Amino acid sequence: MARWERREAPGGAARSGWLLRPPGLVPYAAANAAMHELAERRLAGDVPNTLILLEHPPVYTAGRRWKPEHITWTEDRIREAGAELHFIDRGGSLTFHGPGQLVAYPIIDLGAKPDALRYVRRLEEVVIRAAADVGVRLHRSDVQTGVWSGERKVCAIGVRLMRARVTVHGFALNCTTDLSWYDAIVPCGLADEGVASLSQLAGHEITVADVTVPVLRHFERVFDIQLESCAAETDAFAAAPASSWSTPA
């Protein structure tokens with residue numbers, strides 16, 4: 001098996017990496033397990049830096065800073081609406097993933113002296129540039145992570161560094177997302193801020209497919225990496241049937 005060096009590519013050339021794009025709606029548990037396995041393999045040098053792009057069926061994830069008051073629906077109501085609730089190991093509080101939302105999970109080795117804040121700012125930059133390419137102007141917050149339009153969050157970001165080095169989790173960009181799903185939670189624990197989608201802001205439909213190429217292009221530029229599709233690694237991601245989700249009641 002090839003070993004993937006931690007050092008930068010010589011001569012200023014972009015590093016090579018993998019792009020994984022599992023089809024369909026990928027169950028959260030499958031994606032979470034595959035992401036962590038890839039991160040362990042990245043730590044061992046067995047795989048290169050990797051970007052996973054996918055969509056999930058409706059699911060709420062609670063990070064390490066979640067509080068009970070951040071969930072406004074009962075777990076029974078969440079299940080009855082066709083969604084799941086997972087308690088996970090990233091930072092932050094509650095967020096939603098679902099159809100019409102582009103979810104990105106970068107598996108990146110940040111080196112022996114990682115700068116987590118710089119990494120998050122680079123993710124924000126990718127999304128800001130990609131949104132501009134489809135005609136939507138977004139910005140950072142001076143206080144909170146993520147990407148915003150005014151006081152409404154369009155892209156949530158939550159990350160973790162495994163062994164203080166390799167990234168897991170990532171960002172979720174609302175494209176055609178049904179925003180009524182957010183009624184079940186206080187998004188990111190921020191009671192005074194709302195959520196928005198690219199389609200809502202643009203006044204016309206901007207799909208996951210519309211924004212995927214801009215996200216890929218700017219990810220490669222911001223992170224100085226050349227991504228190559230690696231379909232063989234998508235076997236760990238099992239697509240969910242479309243009937244497994246519905247509009248919230």
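Predicted model: local features only at pLDDT ≥ 70, side-chain atom pairs only at ≥ 80, totals over all residues.
Figure 1. When neighbours within four places in sequence are left aside, the residues in contact with Ala 83 are Pro 58, Val 59, Tyr 60, Ile 78 and Trp 181. A further distance that can be followed in this view is the one from Ala 83 to Gly 98, 15 residues apart along the chain, whose C-alpha atoms are separated by 8.9 Å.

Figure 2. Arg 79 forms a salt bridge with Glu 75, for which the closest N and O atoms are 3.9 Å apart, and Asp 76 forms a salt bridge with Arg 79, for which the corresponding distance is 2.3 Å. Arg 79 and Glu 75 are separated by about one helical turn, because they stand four residues apart in helix 2 (residues 75-80). Asp 76 and Arg 79 also both lie in helix 2, where they are three residues apart, about one turn of the helix. Side chains of opposite charge can pair when their charged atoms come close. The structure as a whole holds 11 salt bridges.

Figure 3. The side chains of Arg 165 and Asp 109 meet in a salt bridge, with an N to O distance of 2.7 Å. This pair links distant parts of the chain, 56 residues apart: Arg 165 belongs to the loop between strand 8 (152-162) and strand 9 (166-174), and Asp 109 to the loop between strand 6 (101-107) and helix 3 (116-133). Arg 165 and Asp 109 are both buried.

**Figure 4. Packing of helix 3 against helix 5.** Helix 3 and helix 5 (residues 208-223) pack at an angle of about 140°, and their axes are 8 Å apart. Helix 3 is therefore oblique to helix 5, and the crossing of the two helices is right-handed. Helix 3 makes the contact through Tyr 119, Arg 122, Leu 123, Glu 125, Val 126, Arg 129, Ala 130 and Asp 133, while helix 5 contributes Val 211, Pro 214, Val 215, Arg 217, His 218, Phe 219, Arg 221, Val 222 and Phe 223. By residue type, the contact of helix 3 with helix 5 divides into 10 nonpolar residues, one polar residue and six charged residues. In a separate set of interactions, Arg 121, Glu 124, Glu 125, Arg 129 and Arg 140 are linked in a network of salt bridges.

Figure 5. Ala 132 has its place in helix 3 and is partly exposed, with a relative accessible area of 48%. The C-alpha atoms of Ala 132 and Pro 214 are separated by 9.1 Å, although these residues are 82 residues apart along the chain. Asp 224 is in the loop between helix 5 and strand 11 (225-229), and its phi is positive, about 50°, although Asp 224 is not a glycine. With a relative accessible area of 35%, Asp 224 is partly exposed.

**Figure 6. Tyr 182 and its contacts from elsewhere in the chain.** Tyr 182 lies in the loop between strand 9 and strand 10 (194-195), where its relative accessibility of 7% means that Tyr 182 counts as buried. Not counting residues up to four places away in sequence, Tyr 182 touches Phe 96, Gln 101, Asn 174, Thr 177, Pro 187 and Val 195. The C-alpha atoms of Tyr 182 and Leu 94, 88 residues apart along the chain, are separated by 9.7 Å. For the setting of these views, the chain has five helices and 11 strands, and 53% of its 249 residues count as buried. Among contacts in the chain with a separation of 6 or more, 79% are accounted for by residues 24 or more positions apart.

How values were computed
Residues numbered from 1 in each chain as written. Heavy atoms only, no water. Salt bridge = Lys/Arg side-chain N within 4 Å of Asp/Glu carboxyl O. Buried < 20%, exposed > 50% of the residue type's maximum accessible area, 1.4 Å probe, protein only. Axes fitted to C-alpha atoms, helices over the stretch in contact; angles between N-to-C directions. Parallel < 35°, antiparallel > 145°, perpendicular 65-115°, else oblique. Left-handed = near helix turned anticlockwise from the far one by under 90°. Contact = heavy atoms within 4.5 Å. Nonpolar A, V, L, I, M, F, W, Y, C, P; charged D, E, K, R; others polar.
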